Amino acid sequence: MAVGKNKGLKIGGKKGAKKKVVDPFTRKDWYDIKAPSVFKVRQVGKTLVNRTQGTRIASDGLKGRVYEVSLADLQSENDAERSFRKFKLVCEDVQGKNCLTNFHGMNLTTDKTRSMVKKWQTLIEGNVDAKTTDGYTLRVFCIGFTKKQDQSTRKTCYAQSQQVRNIRKKMCDIITKEVNSDDLKGVVNKLIPDSIASDIMKACQGIYPLQDVYIRKVKVMKRPRFDISKLMDMHGEGSGKTTVTTDPTTGETVERPEGYEPPVQEAV
């Protein structure tokens, strides 16, 4: 046999000597995932990444990771109204052992969507691209179903094609108005209780009564350039806007967040 052909065969070694197996978890670190301050539960979970080694930096492996979390877990309320809504959070920055995340999308669980689709009614869907005041382009999908009239003896409750078009236009107009008038933080605040869907239901009452109206899905299509101060604002740290006031007890100038109210003293 030619020399140097079989790499596993060393002088004095056995044929096909095994490499030493190293547990891959010994070179990994755990990081905490932090949700934005609009949610009640900030500690979402933990994530793994290889330690910094040479030019491969750990934080680069974490940035851009997307985590999907149920709204029930984010709000620590395990009622049925919350559990079918899932939020996607993307890691944008790493500070210490914390991954700071931002809103990346929202959708409903498959079982919820399928439980709503029934016979003898009209399904109406609409989607629209809208831009927030801070430069995020969101694609918002809405779903709704026609509702049987009270005292109706008919088996079906189908809407006419013109009514469907009118409802879809109303859906798109309301979504555009709500998204265009607010920043990303405000839009997420509207998505948590789904106030946009209830506005659509009320507005379409005059065209055809609707039921099971939901914002089915939200995608972030475009995001502005990364700004650490905006991300810290989403996490409720360093909101940027502060006012300089004088402490009445010591006479020192102190910076306080805008709209700061001093605590009420029980006794003077």
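Helix α6 is mostly covered: of its eight residues, six are buried, where buried means under 20% relative accessible area, exposed over 50% and partly exposed in between, with a 1.4 Å probe and protein chains only. The buried ones are Leu184, Gly186, Val187, Val188, Lys190 and Leu191. Helices here are DSSP runs of H or I with at least four residues, strands are runs of E with at least two, and both are numbered from the N terminus.

A word on the source. This is a predicted model, with local features needing pLDDT of at least 70 and side-chain atom pairs counted only at pLDDT 80 or more, while totals for chains, interfaces and linings use all residues. Residues are numbered from 1 along each chain as its sequence is written, and side-chain values use heavy atoms, with hydrogens and water left out.

Back to α6, which spans residues 184-191 and includes lysine 190. Why does lysine 190 count as buried? Because its relative accessibility is 15%. Leaving aside residues up to four places away in sequence, lysine 190 touches Glu178, Ser181, Asp182, Ser195 and Ile196; a contact means heavy atoms within 4.5 Å.

Ile196 takes us to helix α7, residues 195-203, where Ile196, Ala197 and Ile200 are buried. These three sit on the same side of α7, because they cover an arc of only 100° around the axis, taken from the directions from the helix axis to the C-beta atoms. What do the buried residues of α7 pack against? They pack against α6, α5 (161-180), β7 and β8 (210-222).

Next, β7 and its partner. Strand β7, residues 137-146, pairs with β6 in the antiparallel sense over nine bridges; pairing requires at least two DSSP bridges between two strands. The two strands form a hairpin with five residues between them, and glycine 135 in the turn has a positive phi of about 95°. Across the pair, alanine 130 stands opposite leucine 138 in β7.

In a regular strand, side chains alternate between the two faces of the sheet.

Finally, the whole chain. The protein chain has eight helices and ten strands, and 36% of its 268 residues are buried. Among contacts with a separation of 6 or more, 59% are between residues 24 or more positions apart. The chain exposes about 17,000 Å², 51% of it supplied by carbon and sulfur atoms, by the Shrake-Rupley method with a 1.4 Å probe; for residues, only the protein chains shown count as cover.
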